[in-house]
Amino acid sequence: MSKLGPNALPRRLLATSAALSSSSRSDRVSMEAAKVKELRLFVAQCKKDPAILADPSLSFFRDYLESLGAELPAAAYGLGASSAARAPVVDEIDTDIDEDDVDAKGAPPVDHESDDEIIESDVELEGEIVEADNDPPQKMGDPSLEVTDENRDASQEAKAKAMEAISEGRLDEAIEHLTEAILLNPTSAIMYATRASVFIKMKKPNAAIRDATAALEINPDSAKGYKTRGIALAMLGKWEEAAKDLHVASKLDYDEEINSVLKKVEPNAHKIEEHHRKYERLRKEREEKKLERERQRRRTEAKAAYEKANKKEESSRTAGGTPGGFPGGMPGGMPGGFPGAMPGSVPGNIDMSKILNDPELMAAFSDPEVMAALQEVMSNPASFAKHQANPKVAPIIAKMMGKFAGPK
């Protein structure tokens with residue numbers, strides 16, 4: 001059997017299912033066995049290489065596995081394997097190391113994971129949405145207009161005509177009357193909210209949102225403004241925004257219509273929120289893995305540099321000479337001996353492995369201030385006194401003295 005690619009699985013299983021529906025029972029048994037064999041092969045490939053599941057066309061399969069409580073590896077989302085498990089146990093050193101100090105051949109390989117963008121899978125939502133209306137914006141009132149008592153009375157008369165037209169299903173006529181009412185009294189939030197509700201009946205959610213927003217600008221506590229805008233947002237499939245407005249409307253003035261719409265909106269809003277949390281978590285994990293790879297690179301380079309220095313020291317000791325320096329740049333060895341060491345002692349008489357295997361000393365050697373102090377003390381032991389008050393340098397010098405001390 002040829003290798004089954006991830007994209008071929010859905011097509012072949014669908015084809016098999018179609019054939020099953022029209023075949024006899026005896027034929028169906030053998031075909032189902034073939035289907036199981038293909039599925040077993042696909043699962044084996046996924047076990048071998050979880051990155052197969054990162055294919056966007058298989059997002060439904062990942063979602064199904066997650067719905068069963070499965071914990072998929074990062075590679076299934078296109079993140080690659082974690083580098084943390086492979087990181088060498090070496091204390092972290094944050095300072096950069098010159099390329100000349102690193103033996104590239106001796107350094108262990110660093111696994112560089114893919115930095116491709118995470119491709120989000122689709123969210124399966126329920127509920128119908130309408131096509132957005134792109135009509136020119138409706139006429140709005142002038143908020144700076146001074147409303148007289150006559151205008152206010154005329155506005156109420158126009159509203160009454162609109163309500164009659166709504167009851168008889170003449171929605172276009174109702175919009176005309178409500179527009180007249182708004183122009184006469186542009187400070188009335190209820191006029192805008194009422195016209196918004198008519199636009200909802202006409203399946204014009206964008207127009208409804210404009211009117212509802214205008215109503216809320218006039219009266220931030222307009223329950224009808226939040227209600228009509230929430231319903232209009234739901235019509236456009238903006239489930240999270242819709243749920244937010246409808247919850248506010250319910251708190252201001254609860255009614256059964258709001259509750260009915262919320263029952264349709266909330267499940268979708270929760271799915272979207274969970275979807276966002278999931279991919280935000282994946283992005284955060286990806287960023288953390290990227291930082292861990294950088295830390296691993298530094299540790300790897302540092303370890304290679306220390307091993308190279310150790311090999312040079314061992315080689316020099318075997319040849320019977322004295323090393324020309326110390327890792328980190330201590331030229332000339334230790335003339336006259338190091339404070340606390342045996343008189344006339346030199347690096348050739350010291351077990352360098354005690355130093356190279358001490359993470360604290362290795363980290364300190366990368367600090368220019370510490371190295372400068374050590375060089376000065378090694379060149380002039382009398383200068384040790386002036387560094388005893390330095391909390392960064394004194395402990396390192398003391399530790400070095402302990403490493404270099406002769407037999408008691």
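Residues are numbered from 1 along each chain as its sequence is written. In this predicted model, local features need pLDDT of at least 70, side-chain atom pairs count only at pLDDT 80 or more, totals for chains, interfaces and linings use all residues, and side-chain values use heavy atoms, with hydrogens and water left out.

The chain has 15 helices and zero strands. Both kinds of element are DSSP runs numbered from the N terminus (helices H or I, at least four residues; strands E, at least two). Of the 408 residues in the chain, 38% are buried. Buried means under 20% relative accessible area, exposed over 50%, and partly exposed in between (1.4 Å probe, protein chains only). Contact means heavy atoms within 4.5 Å. Among contacts with a separation of 6 or more, 66% join residues 24 or more positions apart.

Helix pairs come next. Two packed helices are described by the angle between their axes and the distance between the axes. Axes are lines fitted to C-alpha atoms, for helices over the stretch in contact, and angles run from 0 to 180 degrees between N-to-C directions. Angles under 35 degrees count as roughly parallel, over 145 as roughly antiparallel, 65 to 115 as roughly perpendicular and the rest as oblique. A crossing is left-handed if the near helix is turned anticlockwise from the far one by less than a right angle, and right-handed if clockwise. For residue classes, Ala, Val, Leu, Ile, Met, Phe, Trp, Tyr, Cys and Pro count as nonpolar, Asp, Glu, Lys and Arg as charged, and the others, Gly among them, as polar.

The axes of α4 and α6 come within 12 Å and cross at roughly 20 degrees. α4 is therefore roughly parallel to α6. Their crossing is left-handed. On the α4 side, S155, Q156, K159, M163 and I166 meet I190, M191, T194, V198 and K201 of α6. This contact of α4 with α6 comprises five nonpolar, three polar and two charged residues.

α5 and α6 have axes that come within 10 Å and cross at roughly 160 degrees. The pair is therefore roughly antiparallel. α5 passes α6 in a left-handed crossing. L171, A174, I175, L178, T179, A181 and I182 of α5 make the contact with M191, Y192, T194, R195, V198, F199 and K201 of α6. Ten of the residues in this contact of α5 with α6 are nonpolar, two polar and two charged.

Helix α8 (residues 223-235) and helix α9 (residues 239-252) have axes that come within 8 Å and cross at roughly 155 degrees. α8 and α9 are therefore roughly antiparallel to each other. Their crossing is left-handed. A223, Y226, K227, R229, G230, I231, L233 and A234 in α8 meet W239, E241, A242, D245, L246, V248, A249 and L252 in α9. The contact of α8 with α9 divides into eleven nonpolar, one polar and four charged residues.

A nonpolar core is a set of buried Ala, Val, Leu, Ile, Met, Phe, Trp, Tyr and Cys residues joined through side-chain atoms within 4.5 Å. The largest such core has 35 residues, and V198, L246 and V265 have the most contacts inside it. Two or more residues of this core come from each of α4 (149-167), α5 (171-184), α6 (189-201), α7 (205-218), α8, α9 and α10 (256-319). Leaving aside neighbours within four places in sequence, V265 is in contact with A234, W239, A242, A243 and L246. Another core, of 17 residues, lies apart from it; M362, F365, M371 and A373 are among its members.

I258 lies in helix α10. At 2% relative accessibility, I258 is buried. I258 and L246 are twelve residues apart in sequence and 6.5 Å apart in space, C-alpha to C-alpha. Not counting residues up to four places away in sequence, I258 touches K227, L246, A249, S250 and D253.

E273 is also found in helix α10. E273 counts as partly exposed, at 33% relative accessibility. In space, E273 and E240 are 7.9 Å apart, C-alpha to C-alpha, across 33 residues of sequence.

H177 is found in helix α5. It is buried, with a relative accessible area of 16%. Beyond neighbours within four places in sequence, H177 is in contact with A158, K161 and A162.

K203 sits in the loop between α6 and α7. Most residues other than glycine have a negative phi. K203, not a glycine, has a positive phi of about 60 degrees. K203 is exposed, at 54% relative accessibility.
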